[in-house]
Amino acid sequence: MSTTTITTESGTVLEKGAIGQSIPRKEDKRLVQGQGVFFDDVRRHGTGYVHFVRSPYAHAKIVSIDVSAALALEGVYGTITGDEVAIHTDPFFEMSTPPGANIKDYALAVGKVRFQGEPVAAVCAATRELARDAAELVEVEYDPLDVLVDPEASAADEVVLHEEAGSNVVWSGVFDWGDVDQALAEADHVVKIKRLHFHRFSSTPLECSGALVEYQRGTGQWTLYCNHQMPGVGAIWMAPALRCGIDKLRFVTQDIGGAFGNKICLHPYYVVLCLLARKLGRPVQWTEWRTDQHMANAHGNERTFLDVEVAVRSDGTMTGFKVKALDDCGAFPRYEPLGCIIWAQVTPGCYAWRNIRVDFTQVCTNKAPVSPNRGYSRMQHLWLTERIIDIVAAELGLDPVEVRKRNYVKAEQMPYETPNGCVYDSGDYARSLDIALELIGYDGLEQRRKDAEARGKLLGFGIGSTLDSGTNNFGQSQMLNPDLQFSGNNEAATVKLDIFGEVVVTIGTVPQGQGHETTASQVVADIIGCSPEQVHVRPGYDTWFNSNVGLSGTYASQFAVTGLGAVKGASELLRDEMIKLAAFVLQAPEDQIELADGMARIKDGPEEAALPFMALGAIVNANNAFLPPDFNPTLNHRYVFRPYFGPVDLEQKMGKLTLTYASQIHACLVEIDPETGQTEIVDYAAVDDCGVRIHPQIVEGQVHGATAHAIGAALHEDFVYDEDGTLLTPNFYDYHVPHAMDMPPLKTGHVESPSPVSPLGAKGMGEGGGGGIHAVCAAIQDALRSAGAPIVYDSCNPSHRVWAMLQDAESTRALVEVTSR
Amino acid sequence: MLMREVEYARPSSLEEALRILGSNDGARALAGGQTLINVMKARAASPDILVDLAALTELTAVSTGSGGLELGAMVTYAQLASSSEVEVTRPILGEVAAMIADVQVRNRGTIGGNICSNDPTNHLPPLLVALDAAMTIVGSDGERTVTAEDFFLGVYMTAVATGELLTKVTVPPPGGAGDAFAALTVGADGTCIVSAAASVTSGAARIVIGCVSATPVRATEMEAKLGGDFGEASVREAAKGLGAQLDPPGDVHASADYRRHLAEVMAVRAVLQAAERVRS
Amino acid sequence: MPPETAKTISVEINGELYEREVDARRLLVHFIRDDLGLTGTHIGCDTGNCGACTIQFDGLAIKSCMMLAVQADGAKLGTVEGLAGDGALTPLQQSFSDHHALQCGYCTPGMLMSASYLLEQNPHPTEEEIRKALQGNICRCTGYVNIVEAVKAVGEAR
Amino acid sequence: MRIEGVREFTASRDVVWKVVNDPASMAKLMPGVQSFEIADETHWTANVKIPLGLGGLKMKISFEKAEERAPEFSRLLAKGTGVGAIMNMDTAFTLSESGTGTSMQWEADVKIAGPVGSMGQRVLQPIINQQVENVLGALEKQVGEAAAT
């Protein structure tokens with residue numbers, strides 16, 4: 001194994017042994033054998049299966065619900081309706097200030113429904129099929145109301161979704177840094193863009209949501225075998241709603257079939273399951289189907305950008321911009337309005353822009369509620385910054401590569417403080433871009449354009465520069481609502497040496513494919529001196545492992561920092577104690593003890609002056625009579641890693657909102673068939689810089705996956721509603737996710753700019769910031785330059801939209817106006 | 001995912017199958033099930049009885065007779081795609097069958113199921129109309145033959161009446177014709193947006209557009225305008241106005257206007273390729 | 001036999017014979033997972049698009065969510081659990097691990113069933129043939145890059 | 001979804017008016033009608049199983065006559081439930097004399113809420129067109145029968 005030396009934030013020097021190697025993943029064997037345990041694989045005797053009765057209407061009053069026919073069906077165990085939920089639970093806690101704070105969000109619709117597919121009742125029966133039969137027998141009478149699907153119409157408040165809030169506006173606020181008015185006044189060119197639209201989509205993890213829930217009447221204890229990716233937060237929502245202590249909710253996960261943020265807002269469903277398990281006195285199981293997931297689980301935030309004005313100097317330097325952002329969170333805020341601030345982690349994108357004003361408003365509409373989705377809220381904003389770059393470049397005749405390099409934050413400026421007080425810790429965007437350009441053969445671009453033209457195709461080139469801000473500071477939530485009691489960030493891990501010398505690691509995170517068992521073992525192995533195979537990392541999450549903190553989970557690109565930071569901290573505590581114990585047993589000074597190859601030994605000592613880990617484990621756990629009374633090692637250490645952020649300035653909305661900034665620079669070539677508008681990606685490169693790469697293969701896998709999500713979103717994944725609030729893409733027929741044939745071969749490269757602020761020099765990564773969306777949008781706009789030069793105004797560009805742009809480039813061009821002086 | 005209660009039978013003879021199908025107007029034939037089972041999972045339609053045709057091995061034969069290629073209704077897409085008889089006689093059938101959905105669906109889905117479900121996005125209905133295929137339908141009163149053009153009556157509706165069964169599709173020998181198929185799909189391989197099938201001989205063409213109506217639409221005017229001239233300019237000229245004659249639905253993937261436009265584009269592509277195949 | 005709403009069927013799966021009474025309406029995938037406890041076969045959609053439920057049915061790769069259990073009466077099935085003997089991995093399974101062709105692992109059983117079917121038909125597939133053969137299997141984690149590599153490597157090693 | 005059209009009948013306006021205003025004949029116009037129940041002159045319900053190739057689509061449809069001006073104008077509201085979907089139809093027609101026959105100008109606004117509404121307009125629109133064609137065909141038949149008696 002090669003060895004690299006890492007200097008970490010604490011000044012200690014870590015020898016990379018296992019770290020940095022793409023060792024075989026620990027998770028793989030069980031998964032390729034079909035021996036993983038996903039929530040739907042858990043079986044309990046006497047289980048009742050749950051089926052939800054869902055609203056066909058997007059907005060309606062519930063006149064009546066009659067469950068009698070369902071209850072009369074043989075094999076039905078029971079039902080629950082919104083009225084019962086309103087009696088037995090309290091509404092979920094809202095994060096917003098008023099008006100959003102006044103919204104009452106229950107586990108089932110109470111009194112009215114606000115989106116198609118909203119659960120209004122649930123039925124529990126002996127089989128899955130019977131539960132659905134019975135659900136069809138529940139008679140619900142609705143009185144339809146006017147439907148809001150357009151966020152601008154919603155902002156007008158002529159129809160109000162939540163009467164108790166009195167307004168559809170969940171939250172609004174102005175973010176104003178630098179002096180954008182002056183920047184615009186001093187600019188040589190002002191480029192105005194009237195409207196850009198970032199569409200609704202989600203990562204649609206292949207495994208849908210669900211849980212098996214057991215209730216113990218004697219203790220009031222619920223156990224949820226589930227796939228919640230942020231159980232701590234799930235419990236924070238659920239326990240007050242269920243009026244129980246937080247420890248009465250035990251979450252257990254093992255394998256999770258992808259989550260991508262979409263499994264954070266499962267609490268309404270889980271509360272219904274808890275109530276049914278208690279009411280019926282039996283385990284209850286619910287499996288969400290694909291159509292349910294598309295209609296009623298989690299969509300990404302849809303955002304409209306209005307009246308963008310960009311200040312540009314004659315040399316192509318941009319000095320800032322202003323924009324009105326209108327975010328559509330669907331029928332209930334749930335994790336929102338956090339999205340109203342999360343984007344600010346990447347306020348100027350990759351650029352050294354100092355003057356930015358964002359007038360942000362979030363509204364409710366009669367669509368499915370949103371929840372975090374890979375690239376959460378930053379992706380929307382980064383798409384805006386990339387659209388700004390490419391629209392300005394196109395309008396002013398600037399080269400998209402040159403204009404980026406001119407405006408990028410430079411490597412020598414790192415660490416770089418943004419106008420809103422965030423600190424970009426490290427990175428070299430220009431170098432990453434050069435690598436990406438080389439990978440796609442940028443030098444031959446003009447020749448390829450000609451070749452494509454000869455085949456009747458339009459070739460386009462595009463770049464997407466993104467940041468993946470990781471390890472967020474929950475203190476930013478107080479910018480939305482100063483009364484919120486969330487700030488900072490932390491994560492827990494426990495490492496112990498067991499009686500037979502097994503190293504057992506328990507992590508607080510909830511992996512869904514990111515290989516945490518593997519990377520955690522690498523870190524532990526390097527610190528305590530053994531091989532990763534000797535380290536057993538318990539799969540999954542269990543509240544009762546007691547190795548978690550309030551907001552434990554896998555989200556927001558942070559495992560490499562907080563998760564592994566905790567593993568590192570716990571391993572160091574264990575290492576120090578193992579050394580102490582070995583020194584005592586071997587009667588040698590502590591600084592003469594080294595841990596290596598699964599042994600504690602005296603440096604340069606005789607061969608027999610060594611203790612296998614098994615001996616250490618056995619002494620402490622079972623054979624400890626000879627240890628002196630004042631020496632009480634446990635070889636079992638829980639550590640909570642907590643990065644330091646410092647305070648945030650709520651007034652100025654400034655502060656360190658995240659700890660690390662991984663970058664991804666994407667470049668691609670597309671070919672468009674001008675007769676049909678169909679786009680094909682013919683070359684694609686992504687260059688990632690996430691600092692020290694613990695496991696390069698896993699990092700690359702995340703880059704591939706984030707790129708595939710972005711390509712799908714850019715070309716066809718779109719949750720489209722008609723004016724009645726009916727979702728027109730509720731399944732994989734009409735919501736087309738990339739298949740093997742859709743994906744171009746991906747070329748990847750990397751730059752390694754170690755983070756000076758993270759325990760291992762590694763940065764969280766994996767969300768990718770939607771790089772592929774930006775790159776594909778840019779490439780489509782470039783391809784259409786010779787065909788009327790339309791402006792790409794939407795983040796989703798399926799064939800019909802490209803064709804429409806070809807038919808009427810003018811109406812898109814009218815969105816942009818340039819004033820020069 | 002979860003279907004309504006249904007009865008199931010797997011008859012071992014055609015007679016038995018017809019008897020069950022005739023016994024209840026809610027009985028439906030189950031061939032490959034790659035559409036029917038999905039529709040039942042959505043509970044959008046619910047037959048009372050499923051009559052599984054799996055044991056009727058006589059419906060799985062591919063043979064070449066005087067009337068051309070004879071394809072049993074239970075011949076799968078995979079069979080079409082790999083059959084040497086098909087490749088020799090009417091290779092377009094194998095080519096298009098290989099484009100349908102994916103390997104797993106092609107291993108189960110059948111020609112009979114495809115055309116009897118007649119989902120507007122299916123590839124085979126427009127193709128079989130272009131090839132002037134004939135469908136053999138068997139009922140308690142005996143056997144009758146319906147041309148492909150008369151076979152398709154609506155979405156999920158065909159000339160196969162209650163109590164009847166489609167047993168065979170006969171595709172005439174090419175007689176020097178070149179056949180081609182063009183389609184635009186969502187993504188590289190997804191749902192069909194518009195398709196066109198063409199069968200061209202030296203003097204004439206049969207052109208059929210799919211996915212623009214409940215049933216395949218024959219582009220008769222374009223056929224007439226073309227006559228026997230398959231030069232690119234003439235074909236493009238002949239396609240003009242085809243879209244205007246259609247009344248396609250608009251949906252999330254395509255407006256009616258876009259479908260009208262695509263109908264012309266796909267018709268041109270199919271005809272040009274078919275003409276090229278006549279020449280080679 | 002007259003039409004029935006439930007039926008006793010006998011099915012051979014991975015070489016083992018199972019005899020069970022099953023409702024006519026029960027999907028084959030639910031029979032395999034819920035009734036027999038072979039939970040390696042997964043469900044990722046309700047429209048037959050995703051391929052997570054892919055198994056072998058009388059030697060052909062098929063999607064077990066688009067079949068009824070009663071249709072499998074008398075058939076020989078293969079699921080991911082039967083790919084290799086106890087504890088062992090087939091070269092394809094090993095290659096998936098070596099190439100990091102799986103992340104969450106949810107699509108993996110279906111992916112393996114489709115890929116092993118391909119390799120039976122075509123021992124040395126090209127990249128294009130692999131992509132076409134895996135068209136009916138959706139993966140939301142990997143972008144297919146390493147899956148294609150993993151299958152290609154098995155073909156090349158032969 | 002809005003659909004409209006004009007249908008010509010050889011029968012006189014009075015005959016046509018009589019047919020389209022008789023709840024019993026109206027109920028029977030529905031495709032695949034299995035039973036119907038007349039509550040009063042302006043309200044009735046029908047249980048239908050709309051025949052589709054893949055199996056029937058069962059729905060319970062309740063009708064309400066919302067407006068009428070004999071012998072030329074009538075407006076009908078229909079609401080169908082079943083298969084997790086709700087169908088709402090607001091339909092109106094105007095009868096005018098055309099020679100010795102009658103011309104019926106009709107329009108309908110059909111809304112389908114629920115998962116079936118998501119199945120795709122390319123499927124639903126043709127199905128609705130088809131069913132409208134069936135209804136008009138049945139109407140023509142009934143008018144013909146009424147004119148003959």
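Okay, one definition before anything else: when I say two residues are in contact, I mean their C-beta atoms, placed from the backbone, lie within 7 Å. Keep in mind too that this is a predicted model.

With that in hand, take A270(B). Which residues does A270(B) contact, once we leave aside its neighbours within four places in sequence? There's a run of A180(B), F181(B) and A182(B), then another of A196(B), A197(B) and A198(B), and finally I207(B).

A270(B) also shows up in the largest nonpolar core, which has 461 residues. The members that touch the most other members are V123(A), L273(A) and V776(A) from chain A, plus A267(B), A270(B) and V271(B) from chain B. And where does the largest share of this core come from? That would be helix α17 of chain A, residues 559-586, which puts in twelve residues.

So, on to chain A. You'll find 22 helices and 32 strands in there. Its radius of gyration is 28 Å, close to the 28 Å the globule rule gives for 821 residues, so chain A is as compact as a globular protein of that length. Along the principal axes, its C-alpha atoms fill a box of roughly 85 × 70 × 55 Å. Of those 821 residues, 64% are buried. If you take contacts in chain A between residues at least 6 apart in sequence, 80% of them join residues at least 24 apart.

How is chain A divided up? The domain assignment gives domain 1 as 39-145 + 218-244 + 251-280, domain 2 as 174-200 + 298-474 + 648-816, and domain 3 as 490-641. The C-alpha centres of domains 1 and 2 of chain A sit 36 Å apart. Where those two meet, 18 residues of domain 1 of chain A are in contact with 22 residues of domain 2 of chain A. What's on the domain 1 side of that? Seven nonpolar residues, seven polar and four charged.

Last stop, chain C. It has five helices and five strands, and from the N terminus the order goes β-β-α-β-β-β-α-α-α-α. The radius of gyration of chain C is 16 Å, close to the 15 Å from the globule rule for 158 residues, so this chain is as compact as a globular protein of that length. Its C-alpha trace spans about 50 × 30 × 25 Å along the principal axes. Buried residues account for 65% of the 158. As for contacts in chain C between residues at least 6 apart in sequence, 59% join residues at least 24 apart.

That's my tour, thanks.

Technical notes: Residues numbered from 1 in each chain as written. Chains lettered and ligands numbered in written order. Predicted model: local features only at pLDDT ≥ 70, side-chain atom pairs only at ≥ 80, totals over all residues. Domains from an automatic or database assignment. Nonpolar A, V, L, I, M, F, W, Y, C, P; charged D, E, K, R; others polar. Helix = DSSP H or I, 4+ residues; strand = E, 2+ residues; numbered from the N terminus. Rg over C-alpha atoms; globule rule 2.2 N^0.38 Å. Buried ≥ 20, exposed ≤ 12 C-beta atoms within 10 Å, placed from the backbone. Core = buried A, V, L, I, M, F, W, Y, C linked by C-beta atoms within 7 Å.
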